[in-house]
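Open your viewer and get ready to select residues. This tour goes stop by stop.

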Amino acid sequence: MERLGTGIGWRPEIADAVEGMPGIDWVEVVAENLCPGHPPASLRRLRERGVTVVPHGVSLGLGGAERPDEGRLRALAERAEALGSPLVTEHIAFVRAGGPMTASDRIEAGHLLPVPRTREALDVLCENVRIAQRALPVPLAVENIAALLAWPGEELTEGQFLYELADRTGVRLLIDVANLHTNHVNQGEDPARALAELPLEALAYVHVAGGFERDGVWHDSHAHPVPEPVLDILTDLASRVSPPGVLLERDENFPEADALGGELEAIRKAVGRGRAGAAERAAVAAAPGGANTASRGRAVVGGKGLAGSREHRSAGTDGSREHAKGSADGRVGEPAAAVAEPVRQRLALAQTALLSALVAGTPAPEGFDRGRLAVQARALASKRAGVVAKVAPELPVILGAGYRAAFLAYAQEHPMRGGYRLDAMAFAESLLLAGQPQDAGARRDLREWWLERSGPVPRSRRPVVRAARAARRMLLRR
């Protein structure tokens, strides 16, 4: 695996700061925010300096019931080729549900949602990953996500799930230590056990990010400083393997360049502590009688050293290893049986029921924690309002202080059907059809904003307005 070094997530808001930072070896860019033929000038300059750029996808939904969309795969491949990237990354998550397999309308989460850690869901994920690998020109790495809720009836721990995924597909892993911390707080999952069960030889790189805790729930915000517990997990990981790359993620509330530089330095020190600890243990083990001393100093999980074993990693939570051994026929390079459509359909129904409860107010599926579902639903709606305000910044200006309340009321009745830009258009249209906002000037501005963007060509560039558009305009004037 190529050594990446220390990096930072490139965002337009901090482009100048990133260019001026010493010691930045590489950057990561959200793939969906990038036009392959016209990368931002800042990214072009970084590339000319020899800084590696890695596209990071957020919309494939590899953990969803449907096979990956060919258009999205093509777009991700184009970005990797345009940037000369050594790899591309995505998430182990589902981001949409519904559609033909459930005979229902497709709905979007606008967020990364957890996949059930079951054998069937793993089979679907493995097949989806293989499809993506065949379509991409460079290796694929997949990231563990943060979760506010857990699926009932899970059969594998996170470490076991990721181990089998990598073992069966050869996919590389992007391990987010902040997400391990999130799942520790929210689900009681032990980060050390997860690291012990992972095939760290498959590690592509590491994400580090901040968050905050509220009412006993950790929110992976990417908008706060990296806390010490996350750095401690990074140190633990670095004591087990030398990470090829480590990257700081920050998406909002960007601090000054000096503060970002301080966080990068804290990350470097955490990795250094881990490497020093590994060297010290190696020296103790090499000394006469040192092996026993080293083993006594090693943490123990389930009666085994944290180094783990293949059997421990692959066994299900019920302790059975026979089922895990049976997965060997799915390893990369060997033929793997296609996932039966009923398996995909069962997963589709389960994911649709969960997503509908989160964004459409349908009853909670059996076995889920209703309190956590409510927290996740509020988080999704809040994120949706924030992202729409970013992609359509005119809306908060036009609607003023009433924007957020109006959007949250809209979101309760209208699940997202497409991307955020379509969501912004649908929100504006719903307000106009309801005769809102009450202020005539604001309503006129909103109508003009909507009309300017509602056709395939901006209204200012159209020589004529077709009869159908004129009829709709009359409707919106009500």
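Helices (H or I, at least four residues) and strands (E, at least two) are DSSP runs, numbered from the N terminus.

A word on the model. It is predicted: local features need pLDDT of at least 70, side-chain atom pairs count only at pLDDT 80 or more, and totals for chains, interfaces and linings use all residues. Residues are numbered from 1 along each chain as its sequence is written, and side-chain values use heavy atoms, leaving out hydrogens and water.

Val177, Ala178, Leu180 and His181 of helix 6 meet Pro229, Val230, Ile233, Leu234 and Leu237 of helix 8 (contact means heavy atoms within 4.5 Å). By class, that contact has eight nonpolar residues, one polar and no charged. Ala, Val, Leu, Ile, Met, Phe, Trp, Tyr, Cys and Pro count as nonpolar, Asp, Glu, Lys and Arg as charged, and the others, Gly among them, as polar.

Next, select strand 7, residues 140–143. Are its residues buried or exposed? Leu140 and Val142 on one side and Ala141 and Glu143 on the other are all buried (under 20% relative accessible area; exposed is over 50%, partly exposed in between; 1.4 Å probe, protein chains only). In a regular strand the side chains alternate between the two faces of the sheet.

Strand 4, residues 88–91, runs parallel to strand 7 over four bridges. Find Glu90 opposite Val142. Strand 8, residues 172–176, is also parallel to strand 7, over three bridges. There, Arg172 is the bridge partner of Ala141.

Move to strand 12, residues 245–248. Gly245 and Leu247 lie on one side, Val246 and Leu248 on the other, and all are buried. Strand 1, residues 5–9, joins strand 12 in parallel through four bridges. Look for Ile8 opposite Leu248. Strand 9, residues 203–208, pairs with strand 12 in parallel over three bridges. His207 stands opposite Leu247.

Conventions. Pairing = 2+ DSSP bridges.
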